[in-house]
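Have the structure open while you read.

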Amino acid sequence: MSEIQLKSATATAPSNIALIKYMGKTSNHDGTNRPVNSSLSLTLSGFRSHVRVSEIEKERGAIDWAPFRKAGLQAPELSERGREKFFQHAVRCFERLGSGLPQRGILIESANDFPSDCGLASSASSFAALTLAIATFLGLDVEERSVRSKLSALSREGSGSSCRSFFSPWSVWNEEGASRGEGLPGSNLLTHVALVVDDSKKRVSSSEAHQRVSTSLLMRGRPERAETRLNLLLDCLKRSLGTDGQTSWNRAAQLVWAESWDMHALFETSDPAFGYFAPESLRVLNLVRDMNEAALSRDASFRFPLVTMDAGPNVHLIFWKSEQASLYIDDLRTKVRSFARMIEGALI
Ligand code: DP6
């Protein structure tokens with residue numbers, strides 16, 4: 001008797017860190033994840049989710065999940081709700097990209113090469129990887145431009161920020177959907193560092209945060225503020241490549257800092273208020289402020305790191321590569337050793 005060939009496909013997708021944040025949806029109930037403002041992110045190609053989609057000997061419609069077991073990968077702890085969202089998205093992908101679920105059951109295996117649910121945006125990379133794995137399973141050319149845009153839009157319905165993970169190194173998500181940010185510093189010029197102060201699961205999910213911020217009075221004017229800041233930031237980042245690039249880059253650093261605080265202020269002014277800061281997050285931010293001053297006084301051409309926090313207590317820094325930046329990173333690693341873990345993710 002000949003053995004039945006069960007189909008399987010694997011994909012990986014990177015995480016991304018937003019510098020202008022997606023926070024707040026036009027509707028929290030229609031399930032389409034449409035943002036109230038445009039956002040900008042840097043794609044973190046060193047922080048990836050891996051997803052394998054396989055047919056299994058079960059009836060059509062059966063969907064299971066299991067951790068993707070492979071050296072170097074950490075399986076996320078998927079809650080019942082998380083699993084349900086993942087399954088719903090798988091069904092959505094099969095329906096929109098093909099002609100519905102395959103004849104047999106489906107097993108989805110997933111894992112990350114970085115800690116999950118700690119502000120390193122694992123939902124972005126895992127939904128992007130799931131979308132890509134199903135597209136590959138169905139034989140689509142996922143590198144083709146129009147297919148990629150379509151997959152990004154589809155992935156957005158699973159988790160909004162995942163739509164940005166399809167483009168690199170910069171991704172802009174506006175009313176037309178997500179696309180590659182053009183004319184911005186290349187990843188060869190940049191280094192990303194995450195300071196993980198706490199990798200336990202967050203208490204308020206980002207989906208819930210999107211809902212709760214609608215109660216903040218600071219939400220009034222927020223879409224306009226975010227759009228203005230985005231345009232200023234894009235301009236500064238573009239100019240950071242030109243003559244007197246340092247001034248523009250340092251101005252970009254100020255805008256990124258303000259945007260991160262803007263989002264966290266939305267959280268703390270919601271009703272009920274909530275927040276993600278740990279004491280160590282503030283310790284890192286204060287340390288970075290002091291180190292910036294010291295670095296600038298040593299070298300007048302020093303470019304400050306872009307500093308931002310997502311819906312979690314960890315701090316992300318994006319450095320303009322230089323001798324000074326390497327020294328800064330080494331010094332920072334030593335200074336935070338007792339309370340934070342430094343993860344350097346390659347930007348490809
Ligand atoms: C704070 O994409 O996780 O990371 O669309 O409900 O899945 P859903 O939300 P999600 O929100 C991300 C919020 C953020 C900021 C950002 O990445 O822009």
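**Helix packing and voids**

Helices α5 and α6 run roughly antiparallel to each other, so that's our way in; the label applies to angles over 145 degrees, with under 35 counting as roughly parallel, 65 to 115 as roughly perpendicular and the rest as oblique. Keep in mind that this is a predicted model: local features need pLDDT of at least 70, side-chain atom pairs count only at pLDDT 80 or more, and totals for chains, interfaces and linings use all residues. Residues are numbered from 1 along each chain as its sequence is written, and side-chain values use heavy atoms, with hydrogens and water left out.

**α5 against α6**

- Helix α5 covers residues 222–239 and helix α6 covers residues 245–268; helices here are DSSP runs (H or I, at least four residues), strands are E runs of at least two, and both are numbered from the N terminus.
- The two pack at about 155 degrees with axes 8 Å apart, where axes are lines fitted to C-alpha atoms, for helices over the stretch in contact, and angles run from 0 to 180 degrees between N-to-C directions.
- α5 passes α6 in a left-handed crossing (near helix turned anticlockwise from the far one by less than a right angle; clockwise would be right-handed).
- On the α5 side, the residues in contact include Arg222, Arg225, Arg229, Leu232 and Leu233, and they meet α6 residues including Trp249, Arg251, Glu259 and Asp262; contact means heavy atoms within 4.5 Å.
- By class, this contact has 10 nonpolar, 2 polar and 7 charged residues; Ala, Val, Leu, Ile, Met, Phe, Trp, Tyr, Cys and Pro count as nonpolar, Asp, Glu, Lys and Arg as charged, and the others, Gly among them, as polar.

**α6 against α7**

- α6 also packs on helix α7 (residues 279–298), at about 165 degrees and with axes 14 Å apart.
- That angle makes α6 and α7 roughly antiparallel to each other, and their crossing is left-handed.
- Gln246, Trp257 and Trp261 of α6 touch Leu282, Leu285, Arg289 and Leu296 of α7.

**α2 against α3**

- Helix α2 (residues 122–137) and helix α3 (residues 145–158) cross at roughly 130 degrees, with axes coming within 9 Å, and are therefore oblique to each other.
- α2 passes α3 in a right-handed crossing.
- Phe127, Ala128, Thr131, Leu132 and Ala135 of α2 meet Arg148, Leu151, Leu154, Ser155 and Gly158 of α3, dividing into 6 nonpolar, 3 polar and 1 charged.

- The largest cavity has a volume of about 40 Å³ (the space filled by probe spheres set on grid points joined across faces, edges and corners).
- Its lining is Trp257, Ser260, Trp261, Leu285, Val307, Thr308 and Met309, with α6 giving the most, 3 residues.

How values were computed: 1 Å grid on protein atoms, 1.4 Å probe; cavity = no way out; pocket = protein on both sides within 12 Å on 5 of 7 lines; lining within 4 Å.
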